[in-house]
Amino acid sequence: MTHIHFQYDGANRFIPANLFIEEKEKVRTAFQKVIERNGAGNDFLGWLDLPETGTEQLSAIEKTAARLREQSEVVVVIGIGGSYLGARAVIEALKPHFCLEDAKLGKPTILFAGNNISEDYLFDLKEVLDKKSYSIIVISKSGTTTEPAIAFRIFKEHCEKKYGKEEAQKRIVAVTDKAKGALKQLATQEGYDTFVIEDSVGGRYSVLSPVGLLPIAVAGHDIRALLKGAEQMKEQLFSNTNMENNIALQYAIIRNYLYNNGKKVELMVAYEPRLFYFIEWYKQLFGESEGKENKGIFPAGCIFSTDLHSLGQFVQEGERVLFETVISVEKSNHTVAIPWDEQNIDKLNYLQDKPIHEINLTAETGTRMAHIDGGVPNLRIVIPSITEENLGELIYFFEISCAVGCYLLQINPFNQPGVEAYKKNMFRLLGKEQFQKNTLTY
Ligand code: PA5
């Protein structure tokens, strides 16, 4: 039994009433390519099986996580793209907003590095690590990505200077390819604990592999519940190959229809700021999977009501290229009362009996009505609350929808040829040897 609901009545005005009937065969064919593993890029479908990760692997991850938690005030997770965003999405969604010293979760503090090339970022992190006990998880499937490689070189040296080489070796864990790449070579040479990223699991589909599970477990979250949620969603989707009961297919075909009818941008919205990085993960998953061959929906993100006071104007009245998908959370985890005020100068006493979450949901309803009226189709993905299990369901739902959506566009969901272009220019400009014969593109 899954907990997520998909509601598309806010798009009814923009799609034909018989869309599901008309597109039934098209979407079924796309889904069969995923299930039967015979579509483009089918070497990279190992993520389909990640919800069934065995106990032995999970126990190994939990054991290493417990050791890192025990020995560290801070754990630095080094990685970029698919080797970064999934872990951050789940950790930020589950931790309290403000983790000060006594917060139960949020200890150790997880800090991220290797996801940019900012010198000041690296400097500031070094300053923190001078004063805190720490460990490092370095994640790179290829083992050769520049941003994490730079960060790892810096913090490996820092760790060895601070703790000595022998102790540093116990404080560094690598997640990488089983055989190839500089990181694998380094990990073997230095004797680091290592977890493997399977060849068949691409970066942006790797959150349910050790890439995501190890940092998430180190942050103190229940990785078995996360996988349980994903497994429930898998069962639900795989046992319903027709659209009536398959929310991933419904979402995929509506997105596809809207895209083909001028809605080129999907605005993924949450009314919970803790989902900011979940939306970042969604942006990578869909952007890097669909955005090829001059096709694809541009995946954008907003946190409302915050961004209603900035981008809200554009959403309501700007170029009509948007549709909106809201991840709506039914229940908050805590309650905070709005106090009665005798003077009522701010005129807020009318809200005194209302739970704040209800006010938030009412903001969602009011916004939804206004945006639909303004020509923005509205889709809703409703989850009961933010828990490991529900996030696991959500992750698997988006992954399946994304793969199916790419096949609907006749695109390989699992490659990313476009990300190489900037690298070639950068390496040429930096003087990296084998790139000197390249012509700069502009
Ligand atoms: O989804 C992808 O494949 C990319 O975003 C990669 O995850 C990212 O470029 C990092 O690559 P690597 O893990 O090889 O360092």
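1. A crossing of two helices is called right-handed if the near helix is turned clockwise from the far one by less than a right angle, and left-handed if anticlockwise. In this predicted model, α3 passes α8 in a right-handed crossing. The angle between helix α3 (residues 85–94) and helix α8 (residues 210–218) is about 30°, and their axes are 8 Å apart.

2. Which residues make the contact between α3 and α8? On the α3 side they are A87, V90 and I91. On the α8 side they are V211, G212, P215 and I216. By class, the contact of α3 with α8 has six nonpolar residues, one polar residue and no charged residue.

3. On domains, the protein is divided in two. Domain 1 is made of two stretches of chain, 5–39 and 226–411, whereas domain 2 covers 46–221. A distance of 29 Å separates the C-alpha centres of domain 1 and domain 2. Across the boundary, 30 residues of domain 1 are in contact with 28 residues of domain 2.

4. How many cavities of 30 Å³ or more does the structure hold? There are two. The largest cavity has a volume of about 50 Å³, and the second largest cavity also comes to about 50 Å³.

5. The lining of the largest cavity is made up of A252, R255, N256, Y259, E290, I297, G405, L408 and L409. Two elements, α10 (247–260) and α14 (388–408), supply at least two residues each to this lining. The largest share, four residues, is from α10. Sorted by class, the lining of the largest cavity has five nonpolar, two polar and two charged residues.

6. Around the second largest cavity, the lining residues are Y271, E272, I327, S328, V329, H357, N360, L361 and E364. Here β9 (322–329) and α13 (356–373) are the elements that give two or more residues. With four residues, α13 gives the most to the lining of the second largest cavity. That lining divides into four nonpolar, three polar and two charged residues.

7. Two points of backbone geometry deserve a look in the viewer. Where is the cis peptide bond that has an omega of about 10°? This bond joins F304 and S305. S305 is in the loop between β8 (298–303) and α12 (312–317).

8. The other backbone point concerns E293. Phi of E293 is near 50°, which is a positive value in a residue other than glycine. E293 is placed in the loop between α11 (276–290) and β8.

9. The α3 and α8 pair has a right-handed crossing and a contact without charged residues. Each of the two cavity linings has two charged residues, and four residues come from α10 in the largest cavity and from α13 in the second largest cavity. The cis peptide bond lies between F304 and S305, and the positive phi is that of E293.

Conventions:
Residues numbered from 1 in each chain as written. Predicted model: local features only at pLDDT ≥ 70, side-chain atom pairs only at ≥ 80, totals over all residues. Heavy atoms only, no water. Axes fitted to C-alpha atoms, helices over the stretch in contact; angles between N-to-C directions. Contact = heavy atoms within 4.5 Å. Nonpolar A, V, L, I, M, F, W, Y, C, P; charged D, E, K, R; others polar. 1 Å grid on protein atoms, 1.4 Å probe; cavity = no way out; pocket = protein on both sides within 12 Å on 5 of 7 lines; lining within 4 Å. Points joined across faces, edges and corners; volume = space filled by probe spheres on them. Domains from an automatic or database assignment.
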